[in-house]
Amino acid sequence: MSRPRTKSIVEFCRFARANGVSAGTKETIDCLQVAEAIADADRDTFRFALRAILTSSADEWVLFDDLFTAFWANPDPTSESLSKNPARRRLAPPSLRHESGSRMVTAFGNGSEPEGEGEQKRFSGASAVERLRKVDFSQMPQTDLAELERIALRLLRRMSYRVARRLRARKRRGSIDLRRTIRRSICRGGEFLDLCYKGPKKERAKVVILLDVSDSMNPYSFFLLKFAYVLGKYSREVKSFIFSTILVEVSNLLRTPRMSDALRTLAQMTACWSGGTRIGESLRDFNAHHAAALLSRHTVVIVLSDGWDTGAPEELAAELKKIRRRVAKVIWLNPLLGLEEYRPVTRGISAALPFIDVFAPAHNLQSLLALEEHLRPGR
Amino acid sequence: MARQFRDIEDVIERLGRLGYVADRALATAIYLLLNLGKPLLIEGPAGVGKTEAAKALAAMLETELIRLQCYEGLDLNSAVYEWNYQKQLLAIKIQEGSDKTVEEKENYVFGSNFLLKRPLLQSILSEERAPVLLVDEIDRADEAFEAFLLELLAEFQITIPELGTIQAKRVPHVILTSNSSRELSDALKRRCLYHWIDYPDLAKELEIVRVRLPEIDGDLSSEVVRFVHTIRDLNLSKPPGVSETIDLSRSLILLEKTKLDQEAAEETLGCILKSADDLTKVRSEGLSRLLSRSGGS
């Protein structure tokens, strides 16, 4: 292969890498090898070949064509004159600027990463996700929620894989179920080929979510609703309620196959949105109408609220105590806990604290993912 | 491997003869798969022919297609190998009276007669020709399995403690498909060539329908394809794929319809819409309106 051509391919690989295509040196070598194999192919074939090698996701797939065009604006990729244009390195195709993921990362990074001049600062996928996890929901512009939702789904899916259904040989398989073993052995002429075991039946934790959608929770409630939605997909045993001054069950609504539809319908239920908070009364309502059916030794109750309560703290304490007595665990997630200066001293919260098992923040993805620890079955 | 294919044109042509309409990009990817010996990861929405691509490749190479369907909870026992315990126990029982040594008995019981070969093991055991290994819907398997697969794709060898390490005589051609319901690990993606199949445009889909169903009437096929395209634009929860288009065409032929009018569309709606919500949505849009919209374009 001619040297100038080799050089321009290597340069293109570097250019693609600098613009967010996650290909390594191995891929560059593959490109060179292929370029030789299809030396007399046309430009499109050349593009398809490089694309198949260098990209590895749908996003990169789309991005690639722009990069390719930007790099080889000249119709002949083999031409030597091409690789001499120094301005090319700064060329960022238009699609890059619309890529919300990276833009948000630059906008909400910790500030210590100054934006390079002309050259766009890029992070690999993993570190971008890492940063996003730490962004406070209240600072998230509305337009970036879609991107965040995608990542939340991905992380939560990962979480659900931790409780996979894979079977594993256990040291203790429980005791042998003689009755069934003997029954089974009949068809084998009395030989015990299949042993049957019996052991305690495992039950999945049931989850009840009580989500505060009052004014003070406004920056968070929409995102936490999405969280409830995803959690509902992850386990069938999730019941969700929203409350501000009244309590409304939204479990079925959240099971609508599409999240956007569910959220739109919810947004139209203006009666429950915003306004003041009466946590105590809402919990009383819950205890009166739903507790008997939903609460058991296997239930985990998650309250998502900042604890700003306009009702009487005694009532909140009393109702929460009733709930606590019937369930496995009460988790109170408070978005304000993410703020450093916050102390749980509002009257409502301090009255409720004795009946809470886990009091944790819920202001970003990382804090929500920490929940996994508490939701694991059998704990 | 030996270069059986002159160039990419050759791949397109041979696939076409087998009834698989491949565009240049996919043909290039397949050409690279054959020549670089790298696995090919195909992503895209459901029903656009990801699995078909692997079948067509196997047919083109005149070799065996070994398919591993992934699912949540897939483990090595169902993907690689398993001993046939019941048969082993019986064999032990049968040998009780014989005068073989313990060692002989053991070798017999752990012989290949008692090994249940699952797809991944099968794929590296081929003697004659390299088979096509299709790992379908890899995104459904869990990450531990993905890691194992990564190792297999690097070495093409499998170790069975009782038998030793088995090295592939013919390295299989590997195609992985994913509906991108979950992000795959970077390591796996890096090892693979990548191809994204989207819904085909009108002309290509028409070609696919005509290749798959040569008996279809020309006007009917274009009506069907345009109608499906209109429906695909409706933002449904399960948009119809190419296989649905073919199902619809086949049903219309079977029902001896020569035109896709409102009545025919109503009767066959179940071929392309697979959820109650979508059905409601399409009905509320009005079938006749959709049909006229697709006819007008």
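Visitor: How do you know that β1(B) and β9(B) pair, and in which sense do they do so?
Guide: Count the bridges. β1(B) and β9(B) are joined by four bridges, in the parallel sense. One of the partners is B:E43, which bridges to B:W196 in β9(B). A word on the source: this is a predicted model, where local features need pLDDT of at least 70, side-chain atom pairs count only at pLDDT 80 or more, and totals for chains, interfaces and linings use all residues. Residues are numbered from 1 along each chain as its sequence is written, while chains are lettered from A and ligands numbered from 1 in the order in which they are written.

Visitor: What makes a stretch a helix or a strand, and how many does chain B have?
Guide: Both are DSSP runs, numbered from the N terminus: helices are H or I with at least four residues, strands are E with at least two. Chain B has 15 helices and nine strands. Chain A has 17 helices and eight strands.

Visitor: Which strands of chain B form the open sheet, and in what order?
Guide: Five strands, in the order β2-β5-β8-β1-β9 (chain B), with parallel pairing.

Visitor: What makes β2 and β9 of chain B edge strands?
Guide: Each pairs on one side only. β2 covers 65–69 and β9 covers 193–196. From one strand to the next, the twist averages 20°.

Visitor: How do you know that β5(B) pairs with β2(B) and with β8(B)?
Guide: Bridges again. β2(B) and β5(B) run parallel, joined by five bridges. There, B:I66 stands opposite B:L133. β5(B) and β8(B) also run parallel, with four bridges. There, B:L134 stands opposite B:I175. β8(B), residues 173–178, pairs with β1(B), residues 40–43, over four bridges. In that pair, B:L41 faces B:L176.

Visitor: Why is β5(B) called mostly covered?
Guide: Four of its five residues are buried. Buried means that 20 or more other C-beta atoms, placed from the backbone, lie within 10 Å of a residue's own; 12 or fewer means exposed, and in between is partly exposed.

Visitor: Which way do the residues of β9(B) point?
Guide: B:L193 and B:H195 point one way, B:Y194 and B:W196 the other. All are buried. In a regular strand, side chains alternate between the two faces of the sheet.

Visitor: Why is A:A328 called partly exposed?
Guide: A:A328 has 17 other C-beta atoms within 10 Å. A:A328 sits in the loop between α14 (313–326) and β7 (329–334) of chain A.

Visitor: Why are α1(B) and α2(B) called roughly perpendicular?
Guide: Helix α1 (residues 8–17) and helix α2 (residues 24–36) of chain B pack at about 110°, with their axes 9 Å apart. Angles of 65 to 115 degrees count as roughly perpendicular, under 35 as roughly parallel, over 145 as roughly antiparallel and the rest as oblique. So α1(B) is roughly perpendicular to α2(B). Axes are lines fitted to C-alpha atoms, for helices over the stretch in contact, and angles run from 0 to 180 degrees between N-to-C directions.

Visitor: Which residues of α1(B) and α2(B) meet?
Guide: B:I8, B:V11, B:I12 and B:L15 meet B:R24, B:A27, B:T28, B:I30 and B:Y31. Contact means C-beta atoms, placed from the backbone, within 7 Å.

Visitor: How many residues does each chain give to the contact between chains A and B?
Guide: Chain A gives 27 residues and chain B gives 29. On the side of chain A that touches chain B, α3(A) gives the most, with six residues.

Conventions:
Two strands pair if DSSP finds at least two bridges between them. Two residues are in contact if their C-beta atoms, placed from the backbone, lie within 7 Å.
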